[in-house]
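Hello,

Here is the structure we spoke about handing over. Please open it first, then read on.

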Amino acid sequence: MATDDVATTLGAAREWTAPAPPATGLPKLHQLSMKQQIAICCARCAQYLGASGRQWGDLHHRVHDRTFVFKLWVCESGCRPFQGGPA
Ligand SMILES: [Zn+2]
């Protein structure tokens, strides 16, 4: 199998993945509680999201040679001031 085929396949796969909305000022992973990391709570204000919320952006966290992507979610409308912190 040619290397070009793999690259083409990867490119196609990338097109299938909806890009996260542009996000600025994403917090660092260590600033988030576990519930914020897995989108149970808002990544900005730590309120329980329930069925509401909107995607904030992808947080890339690198550990050794692996990169983990956390999809951060925030309140659908309005947030309290950021209250996340180290657990
Ligand atoms: Zn919020």
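Below is what was found in it.

This is a predicted model: local features need pLDDT of at least 70, side-chain atom pairs count only at pLDDT 80 or more, and totals for chains, interfaces and linings use all residues. Residues are numbered from 1 along each chain as its sequence is written.

First, the overall layout. The protein has two helices and two strands. Helices (H or I, at least four residues) and strands (E, at least two) are DSSP runs, numbered from the N terminus. Along the sequence the order is α-α-β-β.

Of the 87 residues, 17% are buried. A residue is buried if 20 or more other C-beta atoms lie within 10 Å of its own, exposed if 12 or fewer, and partly exposed in between, with C-beta atoms placed from the backbone. Two residues are in contact if their C-beta atoms, placed the same way, lie within 7 Å. Take the contacts between residues at least 6 apart in sequence: 56% join residues at least 24 apart.

Now the core. The largest nonpolar core holds 11 residues, among them Leu32, Cys41, Trp56 and Trp73. β1 (54–63) and β2 each supply at least two of its residues. β2 gives the most, with three. Such a core is a set of buried Ala, Val, Leu, Ile, Met, Phe, Trp, Tyr and Cys residues joined through C-beta atoms within 7 Å.

Last, serine 77. Serine 77 lies in the segment after β2 (66–74). Serine 77 counts as exposed because it has 8 C-beta neighbours inside 10 Å. Its C-alpha atom is 7.7 Å from that of glycine 53, 24 residues away along the chain.

Best wishes
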